[in-house]
Amino acid sequence: MLRVYLSGEIHTSWREEIIDACDGLDIAFDAPVTDHAASDDCGVAILGEEPNKFWHDRKGAMVNAIRTRKGIEEADVVVVRFGEMYKQWNAAFDAGVASALGKSLIILQQPDHDHALKEVDAAALAVTRTPAEVAQILRYVLTGKLPA
């Protein structure tokens, strides 16, 4: 079995596309919480309200880090998606952690991010453009078969 952690952008269906394309393969997928409001507010919902937004966000980041660290540490492969919107510092951080832990890293990004992500891309074993390419890599890793 292959354990794959799907990190990064949460505003599109790229995770579902990869999971659907890998149907029938022995893969266990994990990911951060993708409900944006729940992810942002988990710290204060569990540990109590914070009047200062900095501490509100900090509590959420620390609680989410427990899940993220576990997911990355247990993964065989970490896929990090950089979306077209927002500056995704968290995705870059996850890619760095995965690289430091020696995880097989696949980056999913659009060509217009190539220059900005050149150092991240250099740490990856593959840089992909579509969820289908990620799924094809995972299928090849498990079966040794090329796409039809």
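Author: Two strands pair if DSSP finds at least two bridges between them; strands (E, at least two residues) and helices (H or I, at least four) are DSSP runs, numbered from the N terminus. This is a predicted model, where local features need pLDDT of at least 70, side-chain atom pairs count only at pLDDT 80 or more, and totals for chains, interfaces and linings use all residues. Residues are numbered from 1 along each chain as its sequence is written, and side-chain values use heavy atoms, leaving out hydrogens and water.

Reader: How do you know that β1 and β2 pair?

Author: Four bridges join β1 (residues 2-8) to β2 (residues 27-30), and pairing takes at least two, so they count as paired, and they run parallel.

Reader: In what order do the five strands form the open sheet?

Author: The order is β2-β1-β3-β4-β5, with parallel pairing.

Reader: Why is one side of β2 and of β5 left without a neighbour in the sheet?

Author: Because β2 and β5 (126-128) stand at the edges, each with a single partner strand.

Reader: What makes the α3 packing a contact with the sheet?

Author: Contact means heavy atoms within 4.5 Å, and helix α3 (residues 53-74) touches β1, β2 and β3 (77-81). Its direction makes about 140° with that of β1, where axes are lines fitted to C-alpha atoms (for helices, over the stretch in contact) and angles run from 0 to 180 degrees between N-to-C directions.
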